[in-house]
Amino acid sequence: MRRRVGLGAIQQQKLAAEKYKDKGTDLQESQLEQMTKQMDVFRSKLEEFAMKHKEDIRKNSQFRKQFQEMCAAIGVDPLATGKGFWSVLGMGDFYYELGVQVVEVCLAANHKTGGLMELDELRRRLVAARGQSAVHQEITKEDILMAAKKLSIFGNGFVVHKLGKGKYIVQSIPGELSMEETNILNAASNTEQGCVTQSQLMQDLGWTDYRARQSLDKVLGEGLCWIDRQAEEEPVYWFPSLFPGRNAQATA
């Protein structure tokens with residue numbers, strides 16, 4: 001059988017390729033449209049669920065956490081949606097008030113913490129500031145995270161950093177933490193005392209002597225930690241926000 005060659009065959013192949021391309025585009029657009037419709041249905045059902053269980057979400061912190069997880073599972077931000085789920089539930093004022101209190105607590109302690117506060121300590125301070133009644137105790141770490149993350153409107157003055165092992169730290173001073181600074185904080189948070197040494201960083205992180213020393217000098221210069229030169233073997237760098245016992249002191 002003779003093969004078709006020449007300009008005519010090339011043009012036919014080109015037309016066939018364009019048809020396949022158009023068909024592929026049509027399929028992609030159809031799939032995107034179907035996915036969009038499905039997401040609209042999910043959002044609608046989620047809103048119906050929210051209204052049906054409105055009181056449980058408002059009063060029960062565990063139920064509220066599960067609702068937040070449901071929203072996250074389908075990529076819905078309760079505070080950023082068009083209607084605003086928390087507004088629909090009457091929770092807007094709750095998170096606004098909580099956000100203001102996060103700012104007040106963090107700024108009041110900046111001179112001691114260096115502008116960094118562990119989430120557990122922040123929650124205990126908030127509970128103490130809000131009062132001892134049961135309704136005020138019903139705030140979870142997830143509630144604080146949601147309120148704190150919305151403080152990004154203030155620029156990089158309020159940032160939530162995840163340190164690992166389910167630990168979070170709230171930064172309440174301008175500036176971005178470098179990867180080295182985050183690694184040092186993570187290393188300090190993994191110790192019972194909330195401190196690190198140069199040799200510890202070299203061993204745990206595989207850093208050179210120069211890198212460990214330079215990084216520690218930087219966090220010290222930024223006021224994020226204190227240095228104890230009286231230690232027998234080598235200086236110890238203490239992070240006030242990670243001190244043992246600070247959480248208990250916060251509620252005193």
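Among contacts in the chain between residues at least 6 apart in sequence, 54% join residues that are at least 24 apart. The model is a predicted one, and its chain has 252 residues, of which 35% are buried. Its secondary structure comes to 12 helices and six strands, and the chain exposes about 15,600 Å², with carbon and sulfur atoms supplying 52% of that area.

**Nonpolar cores**

- The largest nonpolar core has 21 residues, and those with the most contacts inside it are Leu 98, Val 102, Cys 106, Leu 122, Leu 126, Ile 139 and Ile 144.
- Three helices, namely H5 (92-113), H6 (119-130) and H8 (141-149), each supply at least two residues of this core, and H5 gives the most to it, with eight residues.
- Leu 122, one of the residues with the most contacts inside the largest core, touches Val 102, Val 105, Cys 106, Met 117, Ile 144 and Val 170 when residues up to four places away in sequence are not counted.
- Apart from this core lies another one, made of 19 residues, among them Leu 116, Leu 177, Trp 207 and Val 219.
- As general background, nonpolar side chains tend to be buried together in soluble globular proteins.

**Gln 171, a buried residue in a strand**

- Gln 171 is placed in strand E3, which covers residues 167-171.
- Gln 171 counts as buried because its relative accessibility is 2%, and the limit for that class is under 20%.
- The side chain of Gln 171 makes a polar contact of 2.7 Å with the side chain of His 161.

**Glu 234, a partly exposed residue in a loop**

- Glu 234 is found in the loop between strand E5 (226-228) and strand E6 (236-238).
- With a relative accessibility of 22%, Glu 234 counts as partly exposed, because this class takes in the values between the buried limit of 20% and the exposed limit of 50%.
- Once its neighbours within four places in sequence are left aside, Glu 234 is in contact with Thr 197, Gln 198 and Ser 199.
- Glu 234 and Thr 197 are 37 residues apart in sequence, while in space they are 7.3 Å apart from C-alpha to C-alpha, and their side chains are joined by a polar contact of 3.3 Å.
- The side chain of Glu 234 is also joined to that of Ser 199, here through a polar contact of 2.2 Å.

Definitions and conventions
Residues numbered from 1 in each chain as written. Predicted model: local features only at pLDDT ≥ 70, side-chain atom pairs only at ≥ 80, totals over all residues. Heavy atoms only, no water. Helix = DSSP H or I, 4+ residues; strand = E, 2+ residues; numbered from the N terminus. Buried < 20%, exposed > 50% of the residue type's maximum accessible area, 1.4 Å probe, protein only. Polar contact = N/O pair within 3.5 Å; in protein donor to acceptor, adjacent residues only side chain to side chain. Contact = heavy atoms within 4.5 Å. Areas by Shrake-Rupley, 256 points an atom, 1.4 Å probe, with all protein chains shown as cover. Core = buried A, V, L, I, M, F, W, Y, C linked by side-chain atoms within 4.5 Å.
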